Amino acid sequence: MKALQPTFFLFVFVPLVKSAPPIQQESPKFDEYDTGVTIGSLSQEENDMLSKDIRKDGRNDSLDFALRLQGDDSELSVRPTKDTNLPTCLLCVCLSGSVYCEEIDIEAVPPLPKETAYLYARFNKIKRIAVSDFADITTLRRIDFSGNMIEEIEDGAFSKLLLLEELSLAENRLVKLPVLPPKLTTFNANQNKIKSRGIKANAFKKLTNLAYLYLGHNALESVPLNLPESLRILHLQHNNITTINDDTFCKSNNTRYVRTRMDEIRMEGNPIQLAKHVNAFSCLRTLPVGTYY
């Protein structure tokens, strides 16, 4: 009887035991990430490689890196600007009537917004200024072209700038001066290649507001004629000035004449002995800075 018990147990219970079905692992669904990549369109090899990039925390390093790159590119491609309708304001900075185009290697004067009052275009590669550059911009009060490569300025380029008060053409390659607008108070043409024949006899005569005139480090052989009474500061240092006459600053036919507004004249670095021309300074309150021996 005891021998039959194990046999009976196996006969009754073994058929009731079924093997458990194998556990099936679901592959991760990558299409839940908003990556712009359709996983179903990838090959099996690409799918396997993408699966390997999934970290334990559920993030995909490769896709995250690509998205970061896309974000960086989009930020760089959009540059803040005051007025996106104007090409100049995409390249330069336009702010409250001022245009700043400094050190951006432009080779010509850019088109300006119509109410531009101040233009700063220093240290570029501008070689020429044309009449058309300022034909429609009558509101300009200050222009700074310092540190360019300007060799030519068309006649009349500044003729319509009736409000222009300050003009700088310093550190260029000019050999002659253009016709200057009538209301200038400051004109800077230091460090060019201007010779005396490049300045017309009446170039400054009608500039009755001109107070500051800078012509240092050029190739002038003489002091410009007909300097206006309004002049306060005159820089002529480091030229080739060899002569000066009694009417350069004063009036030889009027011994009582005094140039009251003139505060400073610099003439050092010229091949001239100022002591030989003392009568030329008789109307000045202070003697020019230069060589007297």
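Guide: We'll take the disulfides, then a surface patch, then one serine. Note that this is a predicted model.

Visitor: How many disulfides does the structure hold?

Guide: There are 3. In sequence order of the bonded cysteines, the pairing runs 1-3, 2-4, 5-6.

Visitor: Which residue does Cys89 pair with?

Guide: Cys94, with S to S at 2.0 Å. The torsion about that S-S bond is about -95°, so the disulfide is left-handed. Cys89 and Cys94 are buried.

Visitor: And what is the handedness of the link between Cys92 and Cys101?

Guide: Right-handed, with 110° about the S-S bond. Cys92 and Cys101 are both buried.

Visitor: What does the disulfide from Cys250 to Cys283 tie together?

Guide: The torsion there is about -85°, so this disulfide is left-handed. Cys250 sits in the loop between β10 (233-235) and β11 (264-266), and Cys283 in the segment after β11, so the pair links parts 33 residues apart in sequence.

Visitor: Is Cys283 buried or exposed?

Guide: Buried, at 2% relative accessible area. Cys250 is buried too, at 6%.

Visitor: New topic. Which residues make the nonpolar surface patch?

Guide: Val93, Leu95 and Tyr100, with about 260 Å². Tyr100 lies in strand β2. Its relative accessible area is 34%, so Tyr100 is partly exposed.

Visitor: Last one. Where is Ser168?

Guide: In strand β7, residues 166-168. Ser168 is buried, at 9% relative accessibility.

Visitor: What does the side chain of Ser168 make a polar contact with?

Guide: The side chain of Ser146, at 2.7 Å. Beyond its neighbours within four places in sequence, Ser168 has contacts including Ile143, Phe145 and Asn188.

Methods. Residues numbered from 1 in each chain as written. Predicted model: local features only at pLDDT ≥ 70, side-chain atom pairs only at ≥ 80, totals over all residues. Heavy atoms only, no water. Helix = DSSP H or I, 4+ residues; strand = E, 2+ residues; numbered from the N terminus. Buried < 20%, exposed > 50% of the residue type's maximum accessible area, 1.4 Å probe, protein only. Polar contact = N/O pair within 3.5 Å; in protein donor to acceptor, adjacent residues only side chain to side chain. Contact = heavy atoms within 4.5 Å. Patch = residues over 30% accessible without salt bridge, like charges linked within 9 Å, V, L, I, M, F, W, Y side chains within 5 Å. Areas by Shrake-Rupley, 256 points an atom, 1.4 Å probe, with all protein chains shown as cover. Salt bridge = Lys/Arg side-chain N within 4 Å of Asp/Glu carboxyl O. Disulfide = S-S within 2.5 Å.
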